[in-house]
Amino acid sequence: MLNFLRLYLLSVLLLCNMVAFGQDFSNFKSLKPLQLYGNVGLRAGTYYHSSGFSTYPSSTYMFMGSPVLNVYGMALPFSFMYSNQQAVFRQPFNQLGISPSYKWVTFHAGFRNLYFHKYSLAGYQMLGAGIELNPGRWKLAFTTGRLNKATKLDTSQSSYFFPTVSFARKGMAGLLRYGKYKGHIAISFVKAIDDSTSVANYADLYNKGYTTITPSENLAIGMSFKLPLVKNVSIEAEGGASILTKDLSTPISLDLTKAARTNKTLDLINKVIHINVTSNYFTAVETRLNYQNDKGFNSFLEFKRVDPNYTSMGAYFFQSDVQSYLWGWGIPFFKQKCRFSGTIGKQSDNINQIKLATSTRWVGSGNVNFSSRKLGLDLNFYNYSNNQTSTVKRFADSLRVTQDNLSISLSPRYMIDGANASHTITMTLAANTVNDFNQGLLPEQQKRKLATKTGTLYYQVYFLQKGLSMSSSFNFTQLSDMQSYRYDSYGYNLSCRKSLFARKLELSLSGGMYATDRATGRSNNFTGTFNSNYFITNKLRLDVNIMYNNAPSVYGLSGSGYDTEFRTDTNLIYNF
């Protein structure tokens, strides 16, 4: 009877939709059949707003819980909540995903987000089944299933609310890889096709203009390798090739008879994926040459090129129509206590010269890091410029983007560790300037130059034996242009935390003031919080939180121009 119950529970888990998990069954005999753990709690709260107008209720109570059922090491989380506002029950039976493994064999079933390659199957969710074999340095993987679910179109509603039609999309993907981190070579593919029959009356919907979506087919192949060349030098690369047939239903065919006689590759591809006049071919490549020695010096050269509209039905998004060159380095100093690193590069778009303008971006960054037992320092510099050049004779100057962005930051820190107390002082200063040099906007040019300055000073002291910590901070922000606009914001915060009764009780208190200066005047904001956490037992905890806020009136109902908020929360939580 017990074995039947175990089999029944496992069958239910496999047939229901639930949260994805993976489980190693190498130690199956040592796993417990059933475990239940989690927490339940009671919450009560009050809320006050001086204006008398608020979207929050004046009082709330709530009974909530987050139990977890563990079946042979597979966790199934649940959650429920009942209050004077609403009742909610959530369970994980929405999507099923299981990846049990035994030694070097892993099975995938249900909803899975597998990653084979950046330019083929790159984490796209698939409902299906798959297997992975990882003997030694080899990895062989294959999966097949549904990538998209068909959606129906309700033409009885307004055309402004028509949902996007999508076809049922099925696909398969594979991976073959040899090697580990220091050196490897891999090839993968993903092939997917839309089922035009999955949308009822699709031809009629398309002809009447209810949708412009067409059934498509895609084949994407990804390749990558990383190989050591000589001592301290390695090369790595990954690339992709994709064929996308945008419309499988087009009546216009492509005569491959003549082409096949001179291009056997094209004839072979046509046997794998349907090719017609809507078919397109895309490529992508990234390569990197690395140097790193045992003294901490490293440098690299990187090249990247991705065709416009590169597409893989196994990936959600690509940065396409880009070509870039990048050089980076890292140099250690003072017995590797100090390090200087940086990058310089160029990036451009309009690879196929079909846009009205080409954008070119120069990128430069630098970092100096110093770290010792007491003193630390970070200095960061970042600058990039963006310039457009026209590829046609007539191009509106007002649309040309010519910008420069400069950022610099300094972050020193100092730490003192004493026998009774430790002190930490940190400071951060940063400045950012954005300039727009568009000559077509001279009358407004200065308004398009923005400068931002920020600063933070923080101090903390911690008394270990007393279980007491205190901290204070000050921050400042200034935003301005080259004319009269200016926005200043600054404030400070004080906080204290104390442990009592052998750390069973934790008390914290904090308060702050923040002021804002702008052309319309000055405003202040005062905040305060109190928190306490008391462990009644190892499993039972009582939390009390109090919040106070005094800020400029949002609703304009306060005669003083300021509104006061006061909130309390009391929680009793039991962990089991």
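This is a short chat about a predicted model of a protein chain.

Q: What am I looking at, in terms of helices and strands?
A: The model is predicted, and its protein chain has 4 helices and 31 strands.

Q: How much of the chain is buried?
A: Of its 576 residues, 33% count as buried.

Q: And the surface, how much of that belongs to carbon and sulfur atoms?
A: Carbon and sulfur atoms account for 60% of the accessible surface, which comes to about 34,900 Å² for the protein chain.

Q: What share of contacts joins residues at least 24 apart?
A: That would be 54%, counted among contacts in the protein chain between residues at least 6 apart in sequence.

Q: Switching to strands. Which way do S9 and S10 run?
A: They run antiparallel, and 4 bridges join them. S9 covers residues 97–102 and S10 covers residues 105–115.

Q: Which residue in S10 is the bridge partner of Ser-101?
A: Thr-106 is the bridge partner there.

Q: What's in the turn of that hairpin?
A: There are 2 residues between S9 and S10 in the hairpin, and Lys-103 in the turn has a positive phi of about 55 degrees.

Q: How many bridges join S10 to S11?
A: The count is 10, and those two strands run antiparallel as well. S11 spans residues 122–133. One of the bridge pairs puts Phe-107 with Ile-131 in S11.

Q: How many residues lie between S10 and S11?
A: There are 6 residues between them, and the two strands form a hairpin.

Q: Now the aromatics. How many aromatic pairs are there?
A: A search of the whole structure turns up 12. Among them, Tyr-291 and Phe-297 have ring centres 5.9 Å apart and planes at 55 degrees, so that pair is tilted.

Q: Why does 55 degrees make it tilted?
A: Because planes under 30 degrees apart count as stacked and those over 60 as edge-to-face, with the rest called tilted. The 55 degrees between Tyr-291 and Phe-297 falls in that remaining range.

Q: What about Phe-303 and Tyr-325?
A: They form a tilted aromatic pair, 5.2 Å centre to centre with 45 degrees between the planes. Phe-303 lies in strand S18 (residues 298–306) and Tyr-325 in strand S19 (residues 322–333), so the pair ties together parts that are 22 residues apart in sequence.

Q: And what's the relative accessible area of each?
A: Phe-303 has 23% and Tyr-325 has 44%. Phe-303 counts as partly exposed, and Tyr-325 does too.

Q: Which residues form an aromatic cluster?
A: Tyr-119, Phe-282, Tyr-310 and Phe-318 form one.

Q: Which ring does the charged end of Arg-288 sit over?
A: The ring of Phe-300, at 3.7 Å from its centre. There's also Lys-466, which lies over the face of Phe-463 at 5.8 Å from the ring centre.

Q: Last topic, cysteines. How many disulfides are there?
A: The search of the whole structure finds 0.

Q: Why does 11% put Cys-338 in the buried group?
A: Because buried means under 20% relative accessible area, and Cys-338 is at 11%.

Key. Residues are numbered from 1 along each chain as its sequence is written. This is a predicted model: local features need pLDDT of at least 70, side-chain atom pairs count only at pLDDT 80 or more; totals for chains, interfaces and linings use all residues. Side-chain values use heavy atoms; hydrogens and water are left out. A disulfide is a pair of cysteine sulfur atoms within 2.5 Å. Buried means under 20% relative accessible area, exposed over 50%, partly exposed in between (1.4 Å probe, protein chains only). Contact means heavy atoms within 4.5 Å. Accessible areas come from the Shrake-Rupley method with a 1.4 Å probe; for residues, only the protein chains shown count as cover. Rings of Phe, Tyr and Trp (its six-membered ring) pair if their centres lie within 6.5 Å; planes under 30 degrees apart count as stacked, over 60 as edge-to-face and the rest as tilted. A charge sits over a ring if NZ of Lys or CZ of Arg is within 6 Å of the ring centre and within 35 degrees of the ring normal. Two strands pair if DSSP finds at least two bridges between them.
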